[in-house]
Amino acid sequence: MIAYFSTFIVGTVFFVTGVAKVFSSEKFIHHNYKYNLMPPKIVPQVSITFIGFETAFGVALILHEFPKWLIPGSIILIVALSILNYWSTSTGRTDDDCGCYGGIVLITPRQSLLLNVGYIILLIAAWLSLITNHQTETWQWILTLIVWAFTSLLAWLSRNKPLVDFSRLKTGNRWKRRWLKDSTHDLQQGSHFVVFLSKNCPYCKKWIPLLNIMNTQKDLPQVTGIMSLTQEEIETFKSEQRVRFPVVSMDKLLFGYMVEALPTAVLIEDGRISSKWIGRIPEEFVNRIKQYYEKALVTKTKQNGFIKSPEPFIPLKLSKTTISPAHHYLQIDDFLPTEEWNRLLNYALNQQSAFTPSATSTNEPDYRQSMILHSLPEFSELMVKRILSIIPHLHRELELEPFIPSQVETQLTAHNDGNYYKIHNDNGSWETTNRELTYVYYFYRKPKPFSGGELVIYDTKTEDNSYVKGDSFKIIEPRNNSLIVFPSRYLHEVLPVRCPSQSFADSRFTVNGWIRRSLFN
């Protein structure tokens with residue numbers, strides 16, 4: 001009886017956790033991508049096969065099939081999974097989640113290892129209590145094969161959309177107070193727009209100016225941000241990104257099971273989730289934000305004097321160039337100390353696999369070719385501080401009305417052989433209209449391994465409420481360790497790069513981004 005009882009318990013665990021993955025396999029597939037142990041193109045197939053195997057394995061244990069082989073095989077499997085779990089979490093490849101239980105329960109790596117020890121003890125007890133005359137019936141192993149095939153099929157069908165939505169953020173579910181157990185924020189009463197954010201998510205940062213405005217409007221829900229960071233890290237993030245709405249901390253493991261992508265937002269009305277959005281702010285809110293945005297830009301009064309800012313971190317080798325009488329740009333040489341320049345270059349080379357193809361907001365084909373790294377947490381803070389330190393110089397040299405920056409956006413771009421970016425400006429849509437200045441910091445290997453890639457800035461005029469290029473322009477050589485700054489409304493383009501080696505390491509690298517004007521100061 002001990003043998004049957006022990007294999008039944010362990011088999012039930014395998015079966016239930018397998019079935020949980022069957023109905024929504026996407027998260028398990030994504031978890032396996034993080035291991036980076038196999039070619040990415042076969043990860044979905046291997047993951048689906050394992051889900052079917054796990055479920056069928058559970059059935060085989062429940063039915064006590066071929067115990068002489070199945071019990072020691074189970075022990076070996078559990079030991080192997082424990083080693084994988086420990087290795088992936090200790091090396092940082094996966095978060096504090098073993099991926100074993102399909103989100104049914106939240107299990108830390110340590111808890112998972114302790115449970116696995118318990119399962120192994122049960123299986124050892126079963127092994128020591130084997131029934132010598134036990135016979136496995138034909139129907140039992142045929143049923144197991146059918147379960148494997150059927151659950152694998154269902155898991156494959158659920159890889160893009162859950163067959164059954166077990167999400168805690170499912171529309172209609174109640175918001176649980178315990179999810180924010182260390183927070184004083186009560187989401188049980190009134191209307192709340194709750195947004196899940198990450199400090200390394202570029203799209204989250206683009207939402208922040210809009211959420212700031214949304215949180216000031218009495219006819220819109222109150223905004224609450226949620227991050228899986230310590231309170232100290234949250235305060236740092238709020239300061240760097242000029243966040244004007246409350247942000248609270250959620251347990252990292254729970255956060256991972258709450259959301260599939262970032263940013264994710266839910267509308268909570270009187271404690272119940274009424275709507276959910278992934279990657280976009282609902283259109284009805286956007287329209288109201290847009291109306292306020294446009295009104296604020298029209299009615300904003302002029303600011304007097306320069307904002308206070310720390311002194312530049314190095315003496316500036318700054319030169320102002322005139323494109324036309326009313327249009328200027330700045331080029332600052334030796335913008336970073338040599339050791340920082342070298343560290344940044346090594347970082348870019350080591351992050352090659354994280355770069356993704358660039359695109360435009362209109363998704364127009366053949367308009368832009370380059371590779372983008374949207375998140376560079378190791379250097380974003382450095383670049384933001386450097387940029388903010390020269391704001392007074394930018395006001396003066398570019399002859400701008402002084403403004404208080406609300407946000408400094410950063411990204412890392414690599415242009416290789418044949419890459420380019422056709423004529424455009426950086427604040428031509430309503431959601432980018434408060435981008436005041438564009439900056440481009442150039443860095444690359446020595447000696448210069450490419451040619452071309454010059455930045456062309458045009459005299460920019462307004463006709464029929466749109467920007468058009470004038471007759472004059474300047475062609476700017478991408479000098480190593482130099483920063484270019486110009487108003488975001490200026491039309492500009494990147495000429496094609498010629499890189500004979502076509503090696504990523506020989507690319508024309510830039511840290512580029514935008515300085516946004518505050519609407520509230």
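## Surface and model basis

The model is predicted: local features need pLDDT of at least 70, side-chain atom pairs count only at pLDDT 80 or more, and totals for chains, interfaces and linings use all residues. Residues are numbered from 1 along each chain as its sequence is written, and side-chain values use heavy atoms, with hydrogens and water left out.

## Overall architecture

The protein chain contains 13 helices and 21 strands, assigned as DSSP runs (helices: H or I, at least four residues; strands: E, at least two) and numbered from the N terminus. Its C-alpha atoms occupy a box of roughly 100 × 60 × 40 Å along the principal axes.

Of the 521 residues, 49% are buried (under 20% relative accessible area, with a 1.4 Å probe and protein chains only). Among contacts (heavy atoms within 4.5 Å) with a separation of 6 or more, 78% link residues 24 or more positions apart.

Ser-507 lies in the loop between strand S20 (497-498) and strand S21 (508-517). This residue is buried, its relative accessible area being 1%.

Beyond its neighbours within four places in sequence, Ser-507 contacts Ala-414, His-415, Asn-416, Tyr-444 and Phe-450. With one of these residues, Asn-416, the side chain of Ser-507 forms a polar contact of 2.8 Å (a pair of N or O atoms within 3.5 Å; within protein, one must be able to donate a hydrogen and the other to accept it, and residues adjacent in sequence count only if both atoms are side-chain atoms).

Technical notes:
Buried < 20%, exposed > 50% of the residue type's maximum accessible area, 1.4 Å probe, protein only.
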